[in-house]
Amino acid sequence: MNINLTLFAQAVSFALLIWFTARFVWPPLLKAIETRQKTIADGLAAGERGKHELEISAKRAAEVLRDSKQQSSDIIAQAEKRASGIIDEAKAQAKVEADRIQVGAKAELEQEVFRAKEALRQQVAELAVAGAEKILRREIDAKAHADILNAVASQL
Amino acid sequence: MAAEQLTPSEYIGHHLTFNTHSVGNGGFWVLNMDTLVTSLLLGVIVFGFLGWIVHGATSGVPNKRQAFVELLVDFVDGQVKSIFHGDRHAFLAPLALTVFVWVFFMNAMDFLPVDIMAWFYHHILGQEHWRSVPTADINATFALALSVWLLMIFFNIKVKGLGGWIHELFCAPFGSNPLIWPANFAFNMIEYISKPLSHSLRLFGNMYAGEIIFLLLGMWAATGITGTIAGALLGWGWGIFHILIVILQAFIFMMLTVVYIAMAHESH
C-alpha cells in the first residue's frame with residue numbers, strides 16, 4: 001500500500017499510451033469514419049437529386065406527349081376538312097360539267113330537230129310539188145308555172 | 001493450493017504482496033514490477049491491436065473488427081462530445097479512449113482466478129509474488145489520476161493564462177470581493193486536492209475490494225466441501241457482478257477525466 005516510484009513509472013506508460021492513441025489510433029480512424037459519412041451523405045444527396053430530375057423529366061415527357069396528341073388531332077381535323085373541301089369542289093365541278101354537257105346536248109338536239117324539220121319541210125314541199133305536178137301535169141306546164149312553184153316552195 | 005500450508009492471514013498477505021524491485025535506498029525507490037509489467041503488457045497488446053486495426057482501416061465498408069473499434073470510438077466520442085465543446089479530436093477524446101480502454105483491461109485482470117494465476121506465476125514464471133490487477137495498486141490509480149490532474153492544471157493555464165488561472169483561484173466561485181478571496185482560495189484548494197484523491201481512490205477501492213472478496217471466497221473454498229460449494233457459487237455470483245464493476249469503474253474513470261479537463265477549459 002506504499003506510494004513509491006511505481007507511480008511515476010506508471011505515469012510515464014500512461015503518457016506513452018496517450019501519445020500513441022492521439023497520434024496513431026484516433027486521427028486515422030476518425031478520418032476513415034468521416035470520409036465514409038461524407039460518401040454516404042453524397043450518395044444520399046445524389047439519390048435525392050436523381051429522384052428530383054426523374055420527376056422533372058416525367059413531367060416534361062407528359063407535356064410533350066400532350067402537345068403531340070394535340071398536334072396530331074389538329075392534323076387529322078385539318079385533313080378531314082381538306083378532304084371534305086376536295087369532295088365539295090369535285091361535286092361542284094362535276095355539276096358544272098354536267099350542266100355544260102346538258103346544255104351542249106340540248107343545243108345539238110335542237111339543231112338536230114331544226115335540221116329534221118327543215119328536211120321534212122323540204123320533203124313535204126317536194127311531195128306537195130310532186131303531187132301538184134301529178135295533178136297539174138295534165139294542166140300546167142312546169143316551166144310556165146315555175147315561178148309560182150318556187151314561191152310556194154319557199155313559203156313552206 | 002497455497003492456502004493448504006498457510007494461515008488465512010498469511011494466505012491473504014501472500015496474495016497482496018507486490019513483486020518489488022528496489023532501485024535505490026529507502027522505501028520510495030521501489031518499483032512494483034507486477035503492476036508495471038502487467039499494465040504495460042496490457043497497454044502494448046490492446047493499443048497495438050487498436051493501432052493494427054486502424055492501420056488497415058478503410059473508409060469504405062468496414063470489416064467486423066473495424067466496425068467494433070468504430071463502435072468503441074463512437075461511444076467514447078459521444079460521451080466526450082456531450083461534455084466538452086471545444087476541439088475534442090485534438091486531445092481530449094483520444095485521452096478518454098486511452099483511459100477507458102486501458103483501465104478496462106487492467107480491471108479485467110480481476111476476472112482471472114486468483115489461485116490459478118498464483119500457481120501460474122509461481123510455477124511457470126518463477127515469481128513468488130505477483131498481483132494480477134494493476135488498478136488494485138494505489139500507485140497505478142494515483143499515476144493515472146495525478147496525470148489527469150496535471151493535465152487539468154496545464155489546460156487551465158493554457159486556456160486562461162497563468163494570470164487568469166490565479167485570478168480564478170481567488171475570485172471563483174463566490175465572487176471577486178477581496179474579503180472573500182481566502183474563502184475562494186480555500187474552496188479551490190479543497191477541490192484541487194479532493195479531485196485526484198476521489199478519482200484514484202474510487203477505482204482503487206473498488207478493484208482492491210473485489211480482489212479481497214475473491215481471496216476470501218478462495219479461502220472459504222479451502223475449508224471443506226461445504227465451503228468449496230459455497231465459495232464456488234458465491235465466487236460465480238461475485239464474478240458476474242464484477243463484470244459490471246469492471247466496466248462501470250472504467251467508464252466512471254473516463255467520465256471524470258473528461259469532466260475534469262472539460263472544466264479546466266471553462267472560465268468562470
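Author: A salt bridge is a side-chain nitrogen of Lys or Arg within 4 Å of a carboxyl oxygen of Asp or Glu. In this predicted model, A:Arg36 and B:Glu70 form such a pair, with 2.7 Å between the closest N and O atoms. Across the interface of chain A and chain B, the rule finds one salt bridge.

The interface itself comes next. The size of an interface is often given as the accessible area lost when the parts come together. Between chain A and chain B, about 3400 Å² is buried, and carbon and sulfur atoms give 77% of that area. In terms of residues, 29 from chain A are in contact with 50 from chain B.

One residue to look at here is A:Phe14. Setting aside its neighbours within four places in sequence, A:Phe14 is in contact with B:Leu95, B:Thr98, B:Val99, B:Trp102, B:Leu144, B:Ser147 and B:Val148. A:Phe14 is also among the residues with the most contacts inside the largest nonpolar core, which has 60 residues. The most is given by helix 4 of chain B, with 12 residues. Another core, of nine residues, lies apart from this one and includes B:Tyr11, B:Leu16, B:Val114 and B:Leu217.

Both chains also contribute to a nonpolar patch on the surface, formed by A:Ile3, A:Phe8, B:Val23, B:Phe28 and B:Trp29, with about 460 Å² of accessible area together. Within chain B, the loop between strand 1 (20–22) and strand 2 (30–32) holds B:Phe28.

As for chain B as a whole, its secondary structure comes to eight helices and two strands. From the N terminus on, these elements run α-β-β-α-α-α-α-α-α-α. Of the 268 residues of chain B, 46% count as buried. Among the contacts in chain B with a separation of 6 or more, 69% are between residues 24 or more positions apart. The C-alpha atoms of chain B fill a box of roughly 70 × 55 × 40 Å along the principal axes.

Note on methods: Residues numbered from 1 in each chain as written. Chains lettered and ligands numbered in written order. Predicted model: local features only at pLDDT ≥ 70, side-chain atom pairs only at ≥ 80, totals over all residues. Heavy atoms only, no water. Core = buried A, V, L, I, M, F, W, Y, C linked by side-chain atoms within 4.5 Å. Buried < 20%, exposed > 50% of the residue type's maximum accessible area, 1.4 Å probe, protein only. Helix = DSSP H or I, 4+ residues; strand = E, 2+ residues; numbered from the N terminus. Contact = heavy atoms within 4.5 Å. Patch = residues over 30% accessible without salt bridge, like charges linked within 9 Å, V, L, I, M, F, W, Y side chains within 5 Å. Areas by Shrake-Rupley, 256 points an atom, 1.4 Å probe, with all protein chains shown as cover. Buried area = accessible area lost by both parts, 1.4 Å probe.
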